[in-house]
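Please open the structure in a viewer and follow the stops below in order.

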Protein chains: 2
Amino acid sequence: MNPDATRNDIIRLCKEAKENKFRGVCVNPLFVEEAHKQLEGTKCSVISVIGFPLGASLTGTKVEETRLVINLGANEIDMVIAIGALKEHDYKKVYEDMKEVVEAAEDIPVKVIIETGLLNKTEKIAGCELARRSGAAFVKTSTGYNTKGATVEDVMLMRTVVKDEMGIKAAGGIRNLEKALALMMAGANRLGCSASIAIVTGSFKMSSMIKHVQIQQNLKKLRICMELVQLPCRTTN
Amino acid sequence: MNPDATRNDIIRLCKEAKENKFRGVCVNPLFVEEAHKQLEGTKCSVISVIGFPLGASLTGTKVEETRLVINLGANEIDMVIAIGALKEHDYKKVYEDMKEVVEAAEDIPVKVIIETGLLNKTEKIAGCELARRSGAAFVKTSTGYNTKGATVEDVMLMRTVVKDEMGIKAAGGIRNLEKALALMMAGANRLGCSASIAIVTGSFKMSSMIKHVQIQQNLKKLRICMELVQLPCRTTN
């Protein structure tokens, strides 16, 4: 999430999201109110990040932040887990941190960002399992800020753990149509990227060229799961 | 601030800070309690970051976070300003954001991170002037996370604005003794760097070689203003 974004940047972001019928826009708490104002009456959700991008704030702060952004109009919450606690196998702490945010969000869906690029396989599995038990709606791969972003391998592993009980949001380093399609094939049903417009434009172009029903359906499926992220993504894969 | 740091990393950080008699350790909120435990009874301060590293959380969240970390033992607060608001010249918002954190911190000193690398000259001056009026104790150049870190030119400009009324903390991209000394000469009286040990070791080595009172005093002055940061700094200059 671009730290020097201004209100005008958010207004432009929301306009682009509406025009392209994206699933939502993902913004910093500071801009939830403006995004809500811009998107009211549309099907486009306002997604706010919580404890972003380090996840190393206190649970109490995450809970308070969750309540505040929901009051300002956030329809979805993307929270970063306590990564350090997961790495030292303090599962209780990781779980309670998620759980308290999920409870504070009430009927607003919570996506739990496990930051796969900083985790080994065991930690990824544990993160997904804890997220599943916490009542979160989605697990999400990455913040786009720390080391690696979404990979096909990670999404497949995450889908194996959460089965069909949760959504999976892939984010970080998704810069083209090929990567976006691969991640969906691997099990992602939500994609967060700042390159969403380029990807969707590419998908429309392909749609008009390839006269094959299944492929057109796949491209349509891709479009309706796209979020537009106010973020200069730092990660590459 | 390394997002995958564990308790053991913090214990090691505090041990190093004590051994080298650093001014303090700078940690994420999640580790304030542990750092306080490790440093109790020493002269080494526990510095917590607030709204870090984007500054784009709500004022209410920053205030709550400030109260929570102070209750857990933080002796100093390094807050990131609302960078977007500064860039759109919403000085009232920037000021109130700072002011509320300063008030919530009561007698605990607050350093205001203006993130010079994302600002033009006018914005840097405005950021410093607002910080001065807010009652903050220090202005600080950078988070070390977003684009450029501390430069000699920025520190000189900041000193021109805040005169002797505030401290100046230079942080971000300070990787060697040369840079550290230059920033102090430019007007910084606090340095935050993850390479603190290497720099201080270098300063001791110089101290033993150069038998000149003024230089030895300069090196001593350097050592007592060093903070050890739990941070893989992203910025270069």
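What radius of gyration would a compact globule with 237 residues have, and what does chain A have? The globule would be near 18 Å and chain A has 17 Å, which agrees; the radius is taken over C-alpha atoms, and the globule rule is 2.2 Å times the number of residues to the power 0.38.

This is a predicted model, in which local features need pLDDT of at least 70, side-chain atom pairs count only at pLDDT 80 or more, and totals for chains, interfaces and linings use all residues. Residues are numbered from 1 along each chain as its sequence is written, chains are lettered from A and ligands numbered from 1 in the order in which they are written, and side-chain values use heavy atoms, with hydrogens and water left out.

Select chain A and show its C-alpha trace, which spans about 50 × 35 × 30 Å along its principal axes. A cartoon view of chain A shows 10 helices and eight strands, taken as DSSP runs (helices H or I, at least four residues; strands E, at least two).

Next, colour chain A by burial: 59% of its 237 residues count as buried, that is, under 20% relative accessible area with a 1.4 Å probe, protein chains only.

Definitions and conventions: Buried < 20%, exposed > 50% of the residue type's maximum accessible area, 1.4 Å probe, protein only.
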